Amino acid sequence: MITSLRIMMRSQKVIVLCSIILSFLFIITILAPWIAPNDPIAVNLANKLQPSSFEYPLGTDHLGRCTLSRILYGARISLGFATLIFISSLGIGLIVGTIAGYKGGWVDQVLMRLCDGVMAFPNLLLILGLVGILGPGLKQVIIALMLVQWVYYARIFRGMVLSLKEQNYIAAAKISGSSQWKIIKKHIIPNVLPPLAVMGTLEMGWAIMDISAMSFLGLGVQPPTPEWGAMIHEGKSYIRTNPELMLYPGLMIMLVVVTFNLLGEALSERFGVKRR
Amino acid sequence: MGTYILKRIMAIIPIFLLATLLTFGMIHLSPVDPAEAYLSAAHIQSTDEILAQKRHEFGLDQPLHVQYVNSIIKICQFDFGISYLSNKPVWEEVTYRMPATIQLALGSIILAILVSVPLGFLAGIKKNSGIDHFSRLLSFFGASIPSFWLGYLLIFFFSVKLDLFPVEGIGTWQHLVLPSVTLALPLIALYTRLLRASVLENLQEPYVLFARTRGIHEKVIMGKHVLRIAISPMITGLGMNLGKLLTGTIIVEAVFSWPGFGRYFIEAIFNRDVPVIQCYVLLAAGLFIFSNLIVDLIQMCIDPRISRKGGQSQ
């Protein structure tokens with residue numbers, strides 16, 4: 001009991017810390033146009049590969065663009081699109097999962113086998129295959145990520161609907177005269193929210209990693225748009241003379257992914273959700 | 001035991017059909033017309049007549065279901081069509097690049113096993129010791145570092161600063177070190193965590209207590225009983241991750257200019273070389289299905305309870 005309380009306290013601290021870091025990052029993302037010191041895509045070859053200075057706090061890249069501004073704007077792509085993917089795959093998952101759970105029978109069977117099929121293959125392979133059909137580009141990567149990630153939410157929502165239909169405590173609540181709304185508020189949401197929160201935070205981390213990996217390969221964000229993975233790709237040619245060009249964006253990816261993963265782990269510890 | 005193996009092999013068929021259907025749909029959903037792409041790659045002036053003739057040659061004028069059955073027959077014969085770009089059979093191009101990718105994958109699997117088995121096992125039996133903390137730190141960061149960035153960090157420290165290993169390319173064993181480490185780190189992270197958790201779980205089992213009361217030496221209990229059973233989830237993980245490993249090679253090959261299958265695949269995506277893309281996806285799916293089968297069979301040998309339960313392996 002005491003140890004579980006200690007784990008709870010510890011995970012509570014981690015959750016608070018991660019939430020602060022993430023809110024800070026999201027605020028920066030939103031405020032990027034106002035706080036970025038320079039235009040992220042303004043080329044100035046006279047100023048290329050400058051060390052950090054008052055005007056360019058993190059120096060400039062091979063085209064004389066401000067590294068700090070590019071990192072700030074890059075956060076918009078990574079965090080912004082990861083959020084978009086999260087919301088839309090949540091939506092698709094909600095629809096498919098509800099239909100599967102509600103209809104049951106062969107509809108459920110077909111939809112769940114489809115989920116199994118998608119889950120069976122590694123995400124990056126499916127994304128690459130889809131981008132292979134649709135062609136390179138950020139839009140295609142986003143669509144591919146959505147098409148891959150909804151399955152995890154569909155499973156959670158299907159379980160929710162099934163429990164609505166079958167679980168004894170729901171039946172008991174109905175018999176004792178609880179209203180539909182009260183059942184949803186008191187019984188369903190508390191049961192669905194923890195796994196959803198854990199899944200969501202972990203998936204945000206994966207989405208950010210996948211977006212930057214695809215951009216690194218040149219299949220996602222196209223130049224001159226600033227994005228962390230693409231920045232590493234551009235900076236790699238200067239690894240001998242200016243290693244910081246690929247160091248900073250990598251650190252940002254890692255900071256964000258580590259924070260999301262830590263948060264996901266802490267949430268699953270706090271609410272006793274088993275990770276897949 | 002025989003029926004179990006048969007059952008497992010039968011279960012492959014629907015997954016295989018799904019994968020072929022997917023790649024077949026890919027060709028037909030793609031805006032690129034194979035006949036046109038072939039002609040433009042071969043620098044043949046495309047007239048309606050030649051186009052129609054090529055379409056007939058490729059069987060594109062037949063009804064869809066006939067085309068699908070034909071494509072399955074071809075796949076079973078390892079005929080993946082002709083690359084739009086080079087005009088050579090895709091299979092020839094792929095087998096030419098395969099050894100490099102296999103070398104890289106094997107290098108990192110061996111490295112991952114050599115590191116994660118002792119680390120995960122020791123971390124499990126010595127919970128909260130220094131080695132346990134180290135293993136947890138490693139598995140956490142290994143799962144969070146983007147592998148393309150890790151690759152460049154390694155290049156920066158070990159090739160540029162210390163000049164120990166070559167920056168890129170293939171050839172000697174030194175060339176293999178950095179790419180294998182890059183590819184192995186996420187695997188090490190995963191396997192160490194799996195093995196540690198599994199060892200911890202097994203230590204709670206009554207058979208450990210029973211063995212202790214019988215006075216069996218602790219080393220024998222751990223090495224002979226706990227490790228043998230605890231390693232099972234790790235083997236499952238190994239099989240499930242072969243597909244992930246293959247996609248990992250795509251990125252690592254891009255970082256280290258490794259002339260393998262993954263780089264060829266990325267080039268194919270840029271050039272919209274659909275037969276190559278199709279071949280890669282099919283092979284990856286095939287490898288994935290096949291490795292899962294092998295893993296199940298290995299587990300059956302290690303833990304005979306599985307086949308007796310009648311095929312409920314996981």
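**View 1. Packing around helix H8 of chain A.** The buried residues of H8(A) pack against helix H2 (67-103), helix H7 (180-216) and helix H9 (244-271) of chain A, together with H7 of chain B. This is a predicted model, in which local features need pLDDT of at least 70, side-chain atom pairs count only at pLDDT 80 or more, and totals for chains, interfaces and linings use all residues. Residues are numbered from 1 along each chain as its sequence is written, and chains are lettered from A and ligands numbered from 1 in the order in which they are written. Helices are DSSP runs of H or I with at least four residues, numbered from the N terminus. In helix H8 (residues 228-235) of chain A, eight of eight residues are buried (20 or more other C-beta atoms, placed from the backbone, within 10 Å of the residue's own). Among them are Trp228(A), Met231(A), His233(A) and Glu234(A).

**View 2. The side of chain B that touches chain A.** Here 29 residues of chain B are in contact with 31 residues of chain A (C-beta atoms, placed from the backbone, within 7 Å). Helices that each supply at least two residues to this side of chain B include H1 (2-29), H7 (147-161) and H14 (274-302). H7(B) gives the most, with six residues.

**View 3. Helix H2 of chain A and its end.** H2(A) has 37 residues and reaches 53 Å from its first C-alpha to its last, close to the 54 Å expected at 1.5 Å a residue (1.5 Å times one less than the number of residues). Gly104(A), with a positive phi near 65°, follows H2(A).

Note on methods:
Two residues are in contact if their C-beta atoms, placed from the backbone, lie within 7 Å. A residue is buried if 20 or more other C-beta atoms lie within 10 Å of its own, exposed if 12 or fewer, and partly exposed in between; C-beta atoms are placed from the backbone.
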